[in-house]
Amino acid sequence: MTSPGNSSAYRRLMSQIATFLPERFRAAFLHPAGPTTVFFWAPTFKWGLVLAGIGDLKRPPDTISLSQTASLMVSSAIWSRYSLVITPKNYNLFSVNLFVCGTGMYNFIRGARYHMIEDT
């Protein structure tokens with residue numbers, strides 16, 4: 001069984017939809033990492049992690065899990081690099097992972113500083 005993204009019927013449907021779009025949007029719509037593929041939607045939904053990280057900025061630093069935040073930060077850094085070496089380059093995946101890494105790093109530093117002050 002093939003996934004919808006690989007079927008010829010799905011590709012034909014997306015091509016027909018693209019004919020209704022203005023010419024300048026058509027190439028982005030049909031791009032191999034565009035909105036007709038999972039390579040667009042998976043990173044788009046991952047922006048929820050960025051929102052959660054921003055929400056954690058008001059969280060007391062004693063409640064921040066350093067191991068969880070560090071693993072999220074490191075995995076996002078790895079995925080940021082990966083998104084630029086694959087073909088086609090996926091800038092949506094790059095940007096979301098860059099922001100997840102950034103919010104994770106900020107929260108990690110907040111938590112680590114709290115724990116260093118508490119230990120002294």
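Q: Why is Ala-28 called partly exposed?
A: Ala-28 has a relative accessibility of 48%. Buried means under 20% relative accessible area, exposed means over 50%, and partly exposed lies in between (1.4 Å probe, protein chains only). Ala-28 therefore counts as partly exposed. The model is predicted: local features need pLDDT of at least 70 and side-chain atom pairs count only at pLDDT 80 or more, whereas totals for chains, interfaces and linings use all residues. Residues are numbered from 1 along each chain as its sequence is written, and side-chain values use heavy atoms, with hydrogens and water left out.

Q: Where is Ala-28 placed, and which residues does it touch, not counting residues up to four places away in sequence?
A: Ala-28 is in helix H2, where a helix is a DSSP run of H or I of at least four residues, numbered from the N terminus. Ala-28 touches Gly-34 and Pro-35 once residues up to four places away in sequence are set aside; contact means heavy atoms within 4.5 Å. Ser-67, by comparison, is 39 residues from Ala-28 in sequence and 38 Å away in space, C-alpha to C-alpha.

Q: Which residues is Arg-26 in contact with, leaving aside its neighbours within four places in sequence?
A: Arg-26 is in contact with Ala-18, Thr-19 and Leu-21.

Q: How many salt bridges does this rule give, and what makes Arg-59 and Asp-56 one of them?
A: The count comes to 2 salt bridges. The side chains of Arg-59 and Asp-56 meet at 3.8 Å, N to O, which is within the cut-off and therefore qualifies. Arg-59 has 34% relative accessibility and counts as partly exposed; Asp-56, at 27%, also counts as partly exposed.

Q: Which residues of H3 are buried, and what puts them on the same side?
A: Pro-43, Val-50 and Gly-53 are buried in H3. They cover an arc of only 55 degrees around the axis, and therefore lie on the same side of H3; the arc is that of the directions from the helix axis to the C-beta atoms. The buried residues of H3 pack against helix H5 (91-119). On the other side of H3, Val-38, Phe-45 and Leu-51 are exposed.

Q: Why is Leu-51 called exposed?
A: Leu-51 has a relative accessible area of 61% and is therefore exposed.

Q: Which residues make the nonpolar surface patch?
A: Leu-51, Ile-54, Leu-57 and Tyr-106 make a nonpolar surface patch of about 410 Å². Patches are made of residues with over 30% relative accessible area and no salt bridge; like charges are joined within 9 Å, and nonpolar side chains (Val, Leu, Ile, Met, Phe, Trp, Tyr) within 5 Å. Accessible areas come from the Shrake-Rupley method with a 1.4 Å probe, and for residues only the protein chains shown count as cover.

Technical notes: Helix = DSSP H or I, 4+ residues; strand = E, 2+ residues; numbered from the N terminus. Salt bridge = Lys/Arg side-chain N within 4 Å of Asp/Glu carboxyl O.
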